[in-house]
Amino acid sequence: PNIEAAQRVQDFVRRCTSQSLERIRHRLGRIDVSIRDVNGPKGGVDIMCRLHVRLRDGREVVVKQRGADPFVAFRGALNAAKRRVTERSRRTTAWA
């Protein structure tokens, strides 16, 4: 693996996560990110990003997203996870 490219992806993930989830940070416990190539060198939309978000209230959100590159796959997964956390928070608040 290209260490320099892996570092760029890791920096992107950290920066985007921090910026995108700032407003809901108080609800978050831990976020695990996994990015892998599911097809090997064949090409195509074969990068899979999996986000596992553990909320402070004990609930979890798991999102998977494919993309043509790690940046696209991660961005899609991050947006989906943010929507799910926000939706769950609204539902919890509505029932409280």
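## Salt bridges and cysteines, step by step

Reply: Let's start with a pair: Arg8 and Glu4 form a salt bridge, with their closest N and O atoms 3.7 Å apart. Keep in mind that this is a predicted model, where local features need pLDDT of at least 70, side-chain atom pairs count only at pLDDT 80 or more, and totals for chains, interfaces and linings use all residues. Residues are numbered from 1 along each chain as its sequence is written, and side-chain values use heavy atoms, leaving out hydrogens and water.

Me: What is a salt bridge, and how many are there by this rule?

Reply: The term means a side-chain nitrogen of Lys or Arg within 4 Å of a carboxyl oxygen of Asp or Glu. By that rule, the count here is 5 salt bridges.

Me: Where do Arg8 and Glu4 lie?

Reply: Helices (H or I, at least four residues) and strands (E, at least two) are DSSP runs, numbered from the N terminus. Both Arg8 and Glu4 lie in helix H1 (residues 3–20), 4 residues apart, which is about one turn of the helix.

Me: Is Glu4 buried or exposed? And what about Arg8?

Reply: Look at relative accessible area: buried is under 20%, exposed is over 50%, and partly exposed is in between (1.4 Å probe, protein chains only). Glu4 is exposed at 59%, while Arg8 is partly exposed at 48%.

Me: Which residue does Arg25 form a salt bridge with?

Reply: That's Glu22, with the closest N and O atoms 2.8 Å apart. Arg25 is exposed, at 52% relative accessible area, and Glu22 is partly exposed at 42%.

Me: Which parts of the chain does the pair of Asp32 and Arg54 link?

Reply: Their side chains meet in a salt bridge of 2.4 Å, N to O. This pair links distant parts of the chain: Asp32 sits in strand S1 (residues 28–37) and Arg54 in strand S2 (residues 47–55), 22 residues apart. Asp32 is partly exposed, with 23% relative accessibility, and Arg54 is also partly exposed, with 29%. There's a network of salt bridges here too, linking Arg30, Asp32 and Arg54.

Me: How many disulfides does a search of the whole structure find?

Reply: A disulfide is a pair of cysteine sulfur atoms within 2.5 Å. The search of the whole structure finds 0. Cys16 is in no disulfide, and the nearest cysteine sulfur, in Cys49, is 11 Å away.
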